[in-house]
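Me: I would like to learn how to read the features of a structure, one at a time. Please give the general idea before each case.

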Amino acid sequence: MAPPRILSIAGSDSSGGAGIQADIKTITMLGGYAMTAITAITAQNSLGVTAVQALSADMVAAQVDACVSDIGVDAVKIGMLGSPEIAAVVADRLEALAVPVVFDPVMIATSGAALADDATIAGFERLMRLAVLTTPNVTELAALGGHEAMVARGVAYLAKGGDAEGERVEDTLMIPGEAPHVMAGTRIHTRHNHGTGCTLSSAIATYLGRGLALSEAVDRARLFVRSALRAAPGFGAGHGPMGHHEARG
């Protein structure tokens, strides 16, 4: 079976732990063929983001066109966008593609650095309608209006609970017309959680590109992320409580 062709549209993480770099690693590990359209360049590491420079919308569009016109695409993951112009041009391009899209609405890094301004966030509306799944964390869900607003939009979304308080972590998959699907687990204590939000969304996109149903793709992607966290160096060595999903993507 040919590997699914997965296009990641996201920012670059200079430390290799999140963003495009995390997406490439995840897609490759899950048997997919990774392609990229880089939206922004960041100077960051596991401690935080120190600089961000967005690319032009035309350059982002050219990267998408190059991949689609030659290699083709089976699924798309969207992470950090960088500007409202990029959000608009990405939506324009995706409207012409009949493939599943996973949208990770990256707004604020775990360090607190802003990765999307108000105008960019306003452009998320089109992308949420185009996506088969949007994956906000607690902070992002609140910025998008909470559960009530998401349900009113009529879109499928995965409310990630990794950055909420407590030892029990709950992620809730909401698909229009279906009962909420709550996936719970014990919090994984590790300091190696940089880029887990990016990893989760790109894993879901890869499974969708392989033809899996949405709920199964989410279940398998969560298992992949949690297994990776348990395999990280120092797991269980008392690094302190950390979440299992981040805002960077």
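The dialogue below goes from the whole chain to one helix and then to the salt bridges.

Me: What should I know about the model and its numbering before I start?
Reply: This is a predicted model, in which local features need pLDDT of at least 70 and side-chain atom pairs count only at pLDDT 80 or more, while totals for chains, interfaces and linings use all residues. Residues are numbered from 1 along each chain as its sequence is written, and side-chain values use heavy atoms, with hydrogens and water left out.

Me: How many helices and strands are in the protein chain?
Reply: Helices (H or I, at least four residues) and strands (E, at least two) are DSSP runs, numbered from the N terminus. The protein chain has nine helices and nine strands.

Me: How do I read burial and surface?
Reply: A residue is buried under 20% relative accessible area, exposed over 50%, and partly exposed in between (1.4 Å probe, protein chains only). Of the 249 residues in the protein chain, 53% are buried. Accessible areas come from the Shrake-Rupley method with a 1.4 Å probe, and for residues only the protein chains shown count as cover. The protein chain has an accessible surface of about 10,300 Å², and carbon and sulfur atoms hold 56% of it.

Me: What do contacts say about the protein chain?
Reply: A contact means heavy atoms within 4.5 Å. Taking contacts in the protein chain between residues at least 6 apart in sequence, 68% join residues at least 24 apart.

Me: Which residues of H9 are buried, and what do they pack against?
Reply: The buried residues of H9 include Leu214, Val218, Arg222, Phe224 and Leu229. Among the packing partners of its buried residues are helix H1 (19-29), strand E8 (168-174) and helix H8 (196-209).

Me: How many disulfides does a search of the whole structure find?
Reply: A disulfide is a pair of cysteine sulfur atoms within 2.5 Å. The search finds zero disulfides. As for individual cysteines, Cys67 is buried at 11% relative accessibility, and Cys198 is buried at 0%.

Me: How many salt bridges are found in the whole structure?
Reply: A salt bridge is a side-chain nitrogen of Lys or Arg within 4 Å of a carboxyl oxygen of Asp or Glu. The search finds nine salt bridges. One of them joins Asp23 and Lys77, with the closest N and O atoms 2.9 Å apart. Asp23 is in helix H1 and Lys77 in strand E4 (residues 75-78), so the pair ties together parts that are 54 residues apart in sequence. Asp23 is buried at 0% relative accessible area, and Lys77 is buried at 0%.

Me: Where does Arg222 of H9 come in?
Reply: Its side chain meets that of Asp171 in a salt bridge (2.8 Å, N to O). Arg222 belongs to helix H9 and Asp171 to strand E8, so this pair ties together parts 51 residues apart in sequence. Arg222 is buried at 9% relative accessible area, and Asp171 is buried at 0%.

Me: Which residues do salt bridges with shared partners join into one network?
Reply: They join Asp92, Glu95 and Arg126. Arg126 lies in helix H5 (residues 124-130) and Asp92 in helix H3 (residues 84-94), so the pair ties together parts 34 residues apart in sequence. Arg126 is partly exposed at 26% relative accessible area, and Asp92 is partly exposed at 40%.
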